[in-house]
Amino acid sequence: MKKYGFGVDIGGTTIKMSLFEMTGHMVDKWEIPTNTQNNGSSILSDVAAVIEGRLVQDGISKEDVEGIGIGVPGPVVQDSVVTVCVNLGWGRVDVAKELAEKTGLKVRVGNDANVAALGEMWQGGGKGYKNVIMITLGTGVGGGIIINGHVINGSNGAGGEIGHVFVDETEEETCGCGKRGCLEQYASATGIVRMAKRALAADNRESTLRSVEDLSAKAVLDAAKAGDEMALEVVEQMGKRLGTVLAQAACIVDPEVFVIGGGVSKAGTIITEVIRKYYIERAFNSCRNADFALAELGNDAGVYGCVYLLLSSN
Ligand SMILES: [Zn+2]
């Protein structure tokens, strides 16, 4: 194993870049803007140029670099090819091949939610485990499934898309994916706000949420922690939906730990406790003792996981 590696997490507006020692120590991190003009055609050249510059600046020889791990917001097949990436303007791009040609370094590519899961397994909330389901509760619900240290990408790169598990036949609003009744519509930050607004409209019960302008998931979670009955009911609904789906997922892949991350998880143990309560109630006996942990790496989980890709595939 060589000494250094780069982690590069490409998002729709910024590219998070980092230099690591392959032992797992982050030496430095920085960001550059994502240039999505001309269908994102300069993105890989920009990344290559910044890495070349960084190697010169730090006096690091390419012989001491294991490679570059890349995370992208879209489906990835064979640790290499992005099939489509709307946020970057990309169609099918062989990221590993193109960036390897530009830099002469080994390149491994993963979906952003999946690399975040790997990052948390390597150095975060899932450290010490090899069978991990990571759930990211943000604007949407992302997921990554790791079995024996390897991410399950699936045949279309859609492995771990837990947010789009179907949970409610009666739902009339449409999910971001175009279907109706997805988990994401109840368990994401957006979903929590949506359920709170429904509860407020359903009756005239007193609730501190009535006086909140621009209702956010954080406001609902704060109100729940302060004991507001309506907010607590919303949190219960969210925990019930998610705990049920995780119990189902456990029947399929039997993980050691569920790591919960994303903006919603900043509320802390109120989230893991309510999910776990329903999980234990509904899980198959053998899977009941799975651990629940909060994610620890925040927005850096992606770059950690990018570097881990270099360790896990040769
Ligand atoms: Zn959906």
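Does asparagine 114 count as buried or exposed, and at what relative accessibility?

1. The model is predicted, so that local features are given only at pLDDT of at least 70 and side-chain atom pairs only at pLDDT 80 or more, whereas totals for chains, interfaces and linings use all residues. Residues are numbered from 1 along each chain as its sequence is written, and side-chain values use heavy atoms, with hydrogens and water left out.

2. Asparagine 114 counts as buried, at 2% relative accessibility; buried here stands for under 20% relative accessible area, exposed for over 50%, and partly exposed for what lies in between, with a 1.4 Å probe and protein chains only. The residue belongs to helix H4 (residues 112-123), helices being DSSP runs of H or I with at least four residues and strands runs of E with at least two, numbered from the N terminus. Apart from neighbours within four places in sequence, asparagine 114 is in contact with Gly143, Gly144, Ile145, Val151, Ile152, Asn153 and Gly159, where contact means heavy atoms within 4.5 Å.

3. The zinc ion has as its protein donors His164 (ND1), Cys175 (SG), Cys177 (SG) and Cys182 (SG), at 2.0 to 2.3 Å; donors are N, O and S atoms within 2.8 Å of the metal (3.2 Å for Na, K and Ca), and since water is not among the atoms, sites may look incomplete. The site is tetrahedral, with angles of 107 to 116° among its four donor atoms, a label that requires all angles to lie between 85 and 135 degrees.

4. Along the chain, the zinc donors are spaced as H-x10-C-x1-C-x4-C. Histidine 164 and cysteine 182 both lie in the loop between strand S11 (150-151) and helix H5 (184-187), so the pair ties together parts that are 18 residues apart in sequence. Histidine 164 is partly exposed, with a relative accessible area of 22%, whereas cysteine 182 is buried at 0%.

5. Strand S1 (residues 4-10) runs antiparallel to strand S2 (residues 14-21), joined to it by seven bridges, and two strands are said to pair if DSSP finds at least two bridges between them. Tyrosine 4 stands opposite glutamate 21 in S2, and three residues separate the two strands of this hairpin. S2 also pairs with strand S3 (residues 25-33), in the antiparallel sense and over eight bridges, in a hairpin whose turn holds glycine 24 with a positive phi of about 110°.

6. In helix H7 (residues 217-225), the buried residues are Ala217, Ala219, Val220, Leu221, Ala223 and Ala224. Their cover includes helix H6 (189-202), helix H8 (229-253) and helix H9 (269-282).

Technical notes
Four donors count as tetrahedral if all angles lie between 85 and 135 degrees; four count as square planar and six as octahedral if opposite donors are over 155 degrees apart and all others between 65 and 115; anything else is irregular.
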